[in-house]
Amino acid sequence: MRIETITELEALYGAPVLAATAKVADRITPDYRRLIDASPFLVLATAGPEGLDASPRGDAHGLVRIDGDRTLLLPDRRGNNRVDSLRNIIRDPRVGLLFLIPGAGTTLRVNGRAHLSVAPGLLESFAVDGAPPRCVVVIEVQEVYFQCARAILRAGLWDATRHADPASLPTPGAILAAMSAGAAGGDAYDRDWPARAAKTMW
């Protein structure tokens with residue numbers, strides 16, 4: 001049996017409690033600023049004609065810059081050049097961000113609209129080791145609120161005793177080799193990855 005109407009959905013779950021709605025702000029409050037500043041990792045959600053995309057973003061040098069209380073600046077660091085998220089933003093500016101804070105259960109969600117900037121001064125302001133990002137995602141905040149810790153607690157995300165052994169998982173090289181009938185990836189890909197990543201991190 002499928003739930004197909006909002007009425008059916010609301011009948012199943014009931015009304016949200018005050019704590020679920022009072023936390024929503026239309027700007028970055030001082031407390032939400034502290035959560036953003038503490039986060040080195042987020043997931044950027046976008047939508048486009050081909051469908052949806054959720055892209056991980058991480059940065060030890062300050063993940064985003066807060067510009068006033070309604071704007072976030074997210075440098076687009078080096079990656080695989082698929083630019084799925086960036087293609088989507090050009091065609092549909094709606095974005096969602098989920099910030100994670102290592103060791104903390106509370107996460108932070110931001111919804112808004114974005115555009116891409118290549119203003120030279122802005123790019124240079126985000127340079128690391130002399131390497132600026134190719135563009136900066138400028139996010140106009142429409143909603144910001146914290147998410148309670150239940151998901152993090154259920155997952156045991158920061159519990160080292162529940163972490164997977166990397167040796168038990170398929171490597172990127174193995175996956176690429178299987179997907180490309182050996183044309184890409186393989187042991188050499190995995191072996192060379194640390195040095196390649198070190199040269200192309202920023």
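A salt bridge here is a side-chain nitrogen of Lys or Arg within 4 Å of a carboxyl oxygen of Asp or Glu. I note at the start that this is a predicted model.

**Entry 1: salt bridges**

I counted salt bridges by that rule and got 9. I then looked for a network. Asp26, Arg27, Asp69 and Arg70 are linked in one.

I took one pair from that group. The side chains of aspartate 69 and arginine 27 meet at 3.6 Å, N to O. Aspartate 69 sits in the loop between β3 (65–66) and β4, and arginine 27 in the loop between α2 and α3 (30–38), so this pair ties together parts that are 42 residues apart in sequence. Aspartate 69 is partly exposed, at 34% relative accessible area. Arginine 27 is also partly exposed, at 32%.

I checked two further pairs. Arginine 94 and aspartate 92 form a salt bridge at 2.8 Å, N to O. Aspartate 92 is at 15%, so it counts as buried, the cut-off being under 20%.

Glutamate 4 and arginine 2 make the other bridge, at 3.7 Å, N to O. Glutamate 4 is exposed at 58%. Arginine 2 is exposed at 66%.

**Entry 2: a surface patch**

Ile3, Ile6, Leu9, Leu12 and Tyr13 form a nonpolar patch on the surface. Together they have about 560 Å² of accessible area. I looked up isoleucine 6 on its own. It belongs to helix α1 (residues 6–13).

**Entry 3: the largest pocket**

I found a volume of about 1,000 Å³ for the largest pocket. It is lined by 32 residues, and Arg77, Arg78, Gly79, Asn80 and Asn81 are the closest to its centre. Which element gives the most to this lining? It is β2, with 6 residues. β2 (51–58), β4 (71–75), α4 (84–91) and α8 (187–199) each supply at least two. I sorted the lining by type: 15 nonpolar, 7 polar and 10 charged.

**Entry 4: the second largest pocket**

The second largest pocket has a volume of about 230 Å³. Val17, Ala19, Ala20, Lys23, Gln147, Cys148, Arg150, Ala151 and Arg154 line it. Helices α2 (18–22) and α6 (150–155) are the elements that give two or more residues. The largest share, 3 residues, comes from α6. By type, I found 5 nonpolar, 1 polar and 3 charged residues in this lining.

Methods. Residues numbered from 1 in each chain as written. Predicted model: local features only at pLDDT ≥ 70, side-chain atom pairs only at ≥ 80, totals over all residues. Heavy atoms only, no water. 1 Å grid on protein atoms, 1.4 Å probe; cavity = no way out; pocket = protein on both sides within 12 Å on 5 of 7 lines; lining within 4 Å. Points joined across faces, edges and corners; volume = space filled by probe spheres on them. Helix = DSSP H or I, 4+ residues; strand = E, 2+ residues; numbered from the N terminus. Nonpolar A, V, L, I, M, F, W, Y, C, P; charged D, E, K, R; others polar. Patch = residues over 30% accessible without salt bridge, like charges linked within 9 Å, V, L, I, M, F, W, Y side chains within 5 Å. Areas by Shrake-Rupley, 256 points an atom, 1.4 Å probe, with all protein chains shown as cover. Buried < 20%, exposed > 50% of the residue type's maximum accessible area, 1.4 Å probe, protein only.
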